[in-house]
Amino acid sequence: MGKPTGFLEYERVTGKAKSPKDRIRNFSEFHIPLSEAEQKKQGARCMECGVPFCQSGMMIKGMVSGCPLNNLIPEWNDLVYHGNWKQAYNRLKRTNSFPEFTSRVCPAPCEAACTCGLNGDPVSIRENERAVIEQAYASGQAGARPPKIRTGKKVAVIGSGPAGLAAADQLNKRGHSVTVFEREDRIGGLLMYGIPNMKLEKWVIDRKRKVMEEEGVSFVTGADVGKDYKAGKVLKEFDSVILACGASNPRDLKVPGREAEGIYFAVDFLKSTTRSLLAAETGGADLKASALKEGTFISAKGKHVVVIGGGDTGNDCVGTAIRHGCASVTQLEMMPKPPRERAADNSWPEWPRVLKTDYGQEEAMAVFGADPRLYQTTVKEFKKNKDGKVCGAVTVRLEPKKDEKTGRVNMVPVEGSEKEIPADLVLIAAGFLGSQKYVADAFGVKLNDRTNVSTQSGTYRTNVEHVFAAGDMHRGQSLVVWAIREGREAAKEVDRELMGYTNLM
């Protein structure tokens with residue numbers, strides 16, 4: 001511990017964000033990194049606790065506390081303070097395959113479990129992580145390091161989201177020949193087409209892809225395994241297969257009027273914007289909204305937008321719609337408004353169930369003067385005009401009621417609370433219900449009652465020999481850090497099967 005009094009001497013400081021009205025002019029990342037000197041001070045705030053909950057990754061009351069990757073956080077915080085960026089990177093990469101992704105999009109359960117946060121502000125762990133990885137790229141340390149020896153074993157990874165990429169990265173480092181199959185035209189899964197540029201600019205993914213290709217990983221895009229690319233061919237050509245196709249079945253809303261034109265799943269809306277931006281990209285980092293070509297994306301321009309879902313994806317839809325130039329945006333959240341501070345039954349180091357105002361909501365407040373979120377509200381019916389296009393949504397208030405038989409608390413409609421609001425574009429961001437069945441069927445693997453791929457207890461092995469599953473396809477919709485962990489853990493099992501033992505971390 002290089003600075004025993006650091007947490008007493010220095011206040012938490014994070015990189016400033018550009019003002020909402022400034023940043024909505026483009027689709028670029030908008031946080032300004034700290035100076036190296038200030039970043040070192042932030043590293044000094046770490047208490048290097050005897051029991052560092054930040055790296056625990058424990059489940060408490062069904063919620064994660066600390067980092068699921070078990071990152072060696074106190075170690076590299078101390079190294080940041082001392083300016084030893086090279087060793088900080090070595091310690092960070094020991095547990096995290098993609099700090100360039102997690103430092104941008106992870107909600108930082110590590111910070112929620114930081115001991116400093118018990119009676120003050122937590123250490124800015126995520127920003128320290130980003131500083132380490134960007135320093136590594138700038139110095140060349142994060143460049144390609146191909147394995148010196150090849151094992152002669154071949155592994156296929158189906159899906160190039162964080163789980164698939166993590167598995168591929170680990171197995172390639174071990175010396176196996178890895179081919180990643182991706183049905184889209186670019187790798188990354190939801191990192192590429194589900195998370196907007198404002199949170200993760202796509203050159204960050206392309207940069208890592210280039211490194212992995214130089215290290216020997218092969219990528220086959222436009223290959224929809226199970227449809228136009230036969231699963232039998234993959235099983236015949238490869239020694240092991242890892243299924244990491246994500247949880248890509250969006251949860252729908254079955255109410256009258258759902259068939260109206262202008263109602264989309266959130267991921268389709270976000271994907272269309274990213275595709276249009278990528279098509280317009282000319283090498284400049286500052287992609288303005290005007291770069292979007294009319295007719296190439298689902299546009300919110302001039303429309304009254306209703307987003308159904310209060311999570312991160314719903315917030316991304318709010319921020320994207322505002323950049324399009326929407327006339328208004330309303331975000332519906334079924335659950336009650338969280339408290340501003342931890343409740344008595346939500347003590348540290350549990351994940352804090354408190355009110356979070358994200359960038360999209362901040363931007364809506366700046367543009368429209370009010371928080372776009374309506375809590376304890378859902379849609380009862382969609383209205384459509386004579387052309388069959390959605391023109392309104394009938395909302396209804398919800399209230400919590402306990403089911404006497406099951407003991408569960410359900411949100412039920414309040415009779416007589418209906419209200420119609422304008423809606424020219426509706427985006428359903430209600431989460432996902434599991435993997436798409438055709439991939440599982442193609443490989444003959446079984447699904448569990450949650451439509452996730454079923455594996456042997458405590459393992460990543462499916463019922464089909466040499467076929468493994470990892471990530472959201474295995475555990476259901478979750479965080480990027482869980483996906484990376486699953487990919488790494490599945491890689492260990494594959495390596496053990498191929499070699500009889502594993503030395504992967």
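**Cysteines**

I looked up C46 and found its sulfur 6.2 Å from the closest cysteine sulfur, in C54, which is too far for a bond. The model is a predicted one. C46 is buried, at a relative accessible area of 13%. I then turned to C110, where the closest cysteine sulfur is that of C67, at 6.1 Å, again too far for a bond. A disulfide needs the two sulfur atoms within 2.5 Å. C110 is buried too, with a relative accessible area of 10%. I noted a count of zero disulfides.

**Helix α8**

I checked the length of α8 next. The helix has 15 residues and reaches 21 Å from first C-alpha to last, close to the 21 Å expected at 1.5 Å a residue. Which residues of α8 are buried? I listed I125, N128, E129, A131, V132, I133, A136 and Y137. An α-helix has 3.6 residues a turn, so residues three or four places apart point the same way. The buried residues of α8 pack against α3 (36-44), α4, α5 (85-93), α6 (99-105), α7 (109-112) and α11 (202-214). After α8 comes G140, with a positive phi near 90 degrees.

**α4 against α8**

I took one of these partners, α4, for a closer look. The axes of α4 (residues 73-81) and α8 (residues 125-139) come within 10 Å and cross at roughly 65 degrees. I recorded the crossing of α4 and α8 as left-handed. From α4 the contact uses I73, W76, N77 and V80, and from α8 it uses I125, N128, E129 and V132. By class, the residues of this contact are five nonpolar, two polar and one charged.

**α9 against α18**

I repeated the look-up for α9 (residues 162-174) and α18 (residues 480-499), whose axes come within 7 Å and cross at roughly 40 degrees. The crossing of α9 and α18 is right-handed. On the α9 side I found P162, A163, A166, A167, Q170, L171 and R174. They meet V480, A483, I484, G487, R488, A491, V494, D495 and M499 of α18. The contact of α9 with α18 has 11 nonpolar, two polar and three charged residues.

**Backbone angles**

The peptide bond from W348 to P349 is cis, with omega near 5 degrees. I placed P349 in the loop between β9 (328-333) and α15 (359-368).

E48 is not a glycine, yet its phi is positive, about 45 degrees. I found E48 in the loop between α3 and β1 (58-60). Is E48 buried, partly exposed or exposed? Its relative accessibility is 33%, so E48 counts as partly exposed.

K61 is not a glycine either, and its phi is positive at about 55 degrees. I located K61 in the loop between β1 and β2 (63-65). K61 is exposed, with a relative accessible area of 58%.

**T395**

My last entry is T395, which lies in strand β12 (residues 390-402). T395 is buried, since its relative accessible area is 5%. I set aside the neighbours of T395 within four places in sequence and listed the contacts left over: L332, T377, T378, V379, K380, S417, E418, K419 and I421.

Key
Residues are numbered from 1 along each chain as its sequence is written. This is a predicted model: local features need pLDDT of at least 70, side-chain atom pairs count only at pLDDT 80 or more; totals for chains, interfaces and linings use all residues. Side-chain values use heavy atoms; hydrogens and water are left out. Helices (H or I, at least four residues) and strands (E, at least two) are DSSP runs, numbered from the N terminus. Buried means under 20% relative accessible area, exposed over 50%, partly exposed in between (1.4 Å probe, protein chains only). Contact means heavy atoms within 4.5 Å. Axes are lines fitted to C-alpha atoms, for helices over the stretch in contact, and angles run from 0 to 180 degrees between N-to-C directions. A crossing is left-handed if the near helix is turned anticlockwise from the far one by less than a right angle, and right-handed if clockwise. Ala, Val, Leu, Ile, Met, Phe, Trp, Tyr, Cys and Pro count as nonpolar, Asp, Glu, Lys and Arg as charged, and the others, Gly among them, as polar. The expected span of a helix is 1.5 Å times one less than its number of residues.
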